[in-house]
Amino acid sequence: FYQPIVEVASGRITKAEALLRWHHPLRGTLSPGLFIPLAEEARLIDGIGNWVFDQALDSIARCHEMFGCTIQMSVNKSPLQFGAGTRDAWLERMERDPSLTGCIAVEITEGMLLSDAQTVRERLLDYRNRGIEVSIDDFGTGLSALSDLKRFDIDYLKIDRSFVQQLAENASDRALTEAIGVMAHKLGIKVIAEGVETAVQRDLLAGLGCDYLQGYLAGRPVDADTAAKEYL
């Protein structure tokens, strides 16, 4: 499924996040929180992850072909996909097709920045050298340091929805959101606010300097065909 991400300055949808869903024959549609841990435990996550990237690249190519527009797709990557012996098969496709350059942003958790694994550092730096941007998901809930943001050349911070939900009522959440935005911009990093559901939240976040908004106000996650009809 794909959820749009709106650029505050223009009000246009310029990005989307690819979100995995499982259509279970008995239990219906399941969110990744229910099955990704099992996929990781069963060592299926590498194959699933590469498949998701391929699907995202397919959607990017279709958007370019049908609408003549370029949209950046943000795709989550499990920490286990950074392990020794894993490979990003989708990178080969991007190398063969220059039109896909800059169309993928890899989303990682804040805790990944604390990893001492050489493979993580090398992979993130390789992404940077290939022109692939990196987002830190749910920022503000972990323990990453400013030096980590600078060292890995992070492109986007995604402010966790827990700060956005009570933004209008809670002065502390507004102060923290503003502080994250100021810090990020000083480091040359753009800010995406998650979980935006109301016009009041949208206006407050715009005033606090957020660059992009994601949430039900901009659009719910939908399948590729619906996304093309409703959001492009």
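Lys15 lies over the face of Tyr212, 5.0 Å from the ring centre. The charged end of Arg220 likewise sits over a ring, that of Tyr216, at 3.8 Å from its centre. A charge sits over a ring if NZ of Lys or CZ of Arg is within 6 Å of the ring centre and within 35 degrees of the ring normal.

This is a predicted model, in which local features need pLDDT of at least 70 and side-chain atom pairs count only at pLDDT 80 or more, while totals for chains, interfaces and linings use all residues. Residues are numbered from 1 along each chain as its sequence is written, and side-chain values use heavy atoms, with hydrogens and water left out.

Confidence comes next. pLDDT is the predictor's confidence in each residue, from 0 to 100. The mean pLDDT of the protein is 90. Of its residues, 96% reach 70 or more. Confidence is lowest in helix H5 (residues 146-151), at a mean of 73. It is highest in strand E10 (residues 212-214), at 98. Where pLDDT is low, the predicted coordinates should not be read in detail.

Now the overall build. The protein has nine helices and ten strands. Helices (H or I, at least four residues) and strands (E, at least two) are DSSP runs, numbered from the N terminus. The C-alpha trace spans about 45 × 45 × 40 Å along its principal axes. A compact globule of 232 residues would have a radius of gyration near 17 Å, and the protein agrees, with 17 Å. That radius is taken over C-alpha atoms, and the globule rule is 2.2 Å times the number of residues to the power 0.38. Of the 232 residues, 43% count as buried. Buried means under 20% relative accessible area, exposed over 50%, and partly exposed in between (1.4 Å probe, protein chains only). Among contacts with a separation of 6 or more, 64% come from residues 24 or more positions apart. Contact means heavy atoms within 4.5 Å.

Turn to helix H2. H2 has 23 residues. From its first C-alpha to its last it reaches 32 Å, close to the 33 Å expected at 1.5 Å a residue. The expected span is 1.5 Å times one less than the number of residues. The buried residues of H2 are Ile45, Gly49, Asn50, Val52, Phe53, Ala56, Leu57, Ser59, Ile60 and Cys63. Their cover includes strand E1 (2-7), helix H1 (32-41), E5, H3, strand E6 (104-109) and helix H9 (224-231). After H2 comes Gly68, with a positive phi near 70 degrees.

The structure holds five aromatic pairs. Rings of Phe, Tyr and Trp (its six-membered ring) pair if their centres lie within 6.5 Å; planes under 30 degrees apart count as stacked, over 60 as edge-to-face and the rest as tilted. Phe53 and Trp90 form a stacked pair, 4.1 Å centre to centre with 5 degrees between the planes. Phe53 lies in helix H2 (residues 45-67) and Trp90 in helix H3 (residues 90-96), so the pair ties together parts that are 37 residues apart in sequence. Phe53 is buried, at a relative accessible area of 0%. Trp90 is buried too, at 0%.

Phe82 and Tyr127 form an edge-to-face pair, with 6.5 Å centre to centre and 70 degrees between the planes. This pair links distant parts of the chain, 45 residues apart. Phe82 is in the loop between strand E5 (72-76) and H3, while Tyr127 is in helix H4 (residues 118-129). Phe82 counts as buried at 1% relative accessibility. Tyr127 is buried, at 0%. Phe53, Phe82, Trp90 and Tyr127 form one aromatic cluster.

Backbone angles mark two further sites. Arg43, in the loop between H1 and H2, has a positive phi near 60 degrees and is not a glycine. Arg43 counts as exposed, at 77% relative accessibility. Asp138 is not a glycine either, yet has a positive phi of about 55 degrees. Asp138 belongs to strand E7 (residues 133-139). It is partly exposed, with a relative accessible area of 31%.

Leaving aside neighbours within four places in sequence, Glu194 is in contact with Asp137, Asp138, Lys158, Ile159, Asp160, Arg161, Val164 and Gln214. Glu194 is in the loop between strand E9 (190-193) and helix H8 (199-207). At 6% relative accessibility, Glu194 counts as buried.
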